[in-house]
Amino acid sequence: GASDAEPDFSHLGVAASSDGITWDRPASPSVSPGDCEDVTSIRMPRMLAIEEDWLLAFFAINGADEEPPIQVAVGQDPIHPSCAGAEVALSVEDLPDSGGVHSYALVRTASGPALLVESLDEEASGSSVWLLPLAD
C-alpha cells in the first residue's frame with residue numbers, strides 16, 4: 001500500500017464504446033491532478049449535461065484538507081473534460097454538524113444545476129441530505 005509520504009495521483013479517464021461490450025480508452029488520462037490548480041488527486045468524479053455544457057464535479061484533494069472540497073468545472077467536451085477554471089462548490093464546513101460528505105450527485109432542478117449531497121450527521125448519528133444550487 002501507499003504510505004503518507006508517497007504522492008497520490010488519481011486521474012480521470014474516459015472510455016468509449018459503440019456496442020457496450022468493447023471499450024476503447026486513450027493511453028493518457030483525460031484529466032490529471034496537475035491540470036487542476038492545487039490538486040494532487042481527483043476522486044469521485046461526476047458529470048452532468050446542461051444545455052451545451054458539461055459540468056464536471058470532483059473531490060479535489062491537495063494533501064492538506066482533512067475533508068476535501070467538491071470542485072465544479074464547466075466544459076463543452078464530455079470526452080475531454082477539463083478542470084480548468086474549477087471552483088469550490090462545497091466545503092464540508094458549509095454543512096452544519098457535518099462529519100463529512102458520504103455521497104453526492106450533480107442534478108438538474110427547475111432553477112438550474114445543483115449538488116445533491118448526503119452528509120454524515122455527527123449529532124444524530126445518521127445522515128442529512130442537502131440540495132445546494134450551483135451558481136450560473
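Predicted model: local features only at pLDDT ≥ 70, side-chain atom pairs only at ≥ 80, totals over all residues.
Biologist: Why does serine 32 count as buried?

Modeller: Buried means under 20% relative accessible area, exposed means over 50%, and partly exposed lies in between, with a 1.4 Å probe and protein chains only. Serine 32 has 18% relative accessibility, so serine 32 counts as buried. This residue lies in the segment before β1.

Biologist: How many helices and strands are in the protein?

Modeller: There are 0 helices and 7 strands. Helices (H or I, at least four residues) and strands (E, at least two) are DSSP runs, numbered from the N terminus. The order from that end is β-β-β-β-β-β-β. Of the 136 residues, 34% count as buried.

Biologist: What makes isoleucine 42 buried or exposed?

Modeller: Its relative accessibility is 6%, so isoleucine 42 counts as buried. Isoleucine 42 lies in strand β1.

Biologist: How do you know whether leucine 48 counts as buried?

Modeller: Leucine 48 stands at 10% relative accessibility, so the term buried applies. Leucine 48 is in strand β1, which covers residues 41-50. Arginine 108 is 60 residues away along the chain, yet the two C-alpha atoms are separated by 8.3 Å.

Biologist: What sets methionine 44 apart in its phi?

Modeller: Phi of methionine 44 is near 45°, a positive value in a residue other than glycine. Most residues other than glycine have a negative phi. Methionine 44 lies in strand β1. Its relative accessible area is 31%, so methionine 44 is partly exposed.

Biologist: Why is glutamate 51 called exposed?

Modeller: Glutamate 51 has a relative accessible area of 79%, so it is exposed. Its place is the loop between β1 and β2. Phi of glutamate 51 is also positive, near 50°.

Biologist: What makes the nonpolar surface patch?

Modeller: Leu116, Val129 and Leu131 make a patch of about 270 Å². Patches are made of residues with over 30% relative accessible area and no salt bridge; like charges are joined within 9 Å, and nonpolar side chains (Val, Leu, Ile, Met, Phe, Trp, Tyr) within 5 Å. A salt bridge is a side-chain nitrogen of Lys or Arg within 4 Å of a carboxyl oxygen of Asp or Glu. Accessible areas come from the Shrake-Rupley method with a 1.4 Å probe; for residues, only the protein chains shown count as cover.

Biologist: Why is leucine 116 called partly exposed?

Modeller: Leucine 116 has 35% relative accessibility, so it counts as partly exposed. Leucine 116 is in strand β6, residues 112-121. Leucine 106 is 10 residues away in sequence and 6.4 Å away in space, C-alpha to C-alpha.

Biologist: What makes leucine 131 partly exposed?

Modeller: Leucine 131 has a relative accessible area of 49%, so it is partly exposed. Leucine 131 is found in strand β7, residues 126-133.

Biologist: How many cavities of 30 Å³ or more does the structure hold?

Modeller: The structure holds 1. On a 1 Å grid over the protein atoms alone, a cavity is a set of points where a 1.4 Å probe fits but cannot get out; lining residues have an atom within 4 Å of a point. Grid points are joined across faces, edges and corners, and a volume is the space filled by probe spheres set on the points. The largest cavity has a volume of about 30 Å³.

Biologist: Which residues line the largest cavity?

Modeller: The lining is Met47, Trp54, Leu55, Leu56, Ala73, Val74, Gly75, Asp77, Pro81 and Ser82. The elements that give two or more residues to this lining are β2 (53-61) and β3 (70-75).

Biologist: What is the lining of the largest cavity by class?

Modeller: The lining has 7 nonpolar, 2 polar and 1 charged residues. Ala, Val, Leu, Ile, Met, Phe, Trp, Tyr, Cys and Pro count as nonpolar, Asp, Glu, Lys and Arg as charged, and the others, Gly among them, as polar.

How values were computed. Residues numbered from 1 in each chain as written. Heavy atoms only, no water. 1 Å grid on protein atoms, 1.4 Å probe; cavity = no way out; pocket = protein on both sides within 12 Å on 5 of 7 lines; lining within 4 Å.
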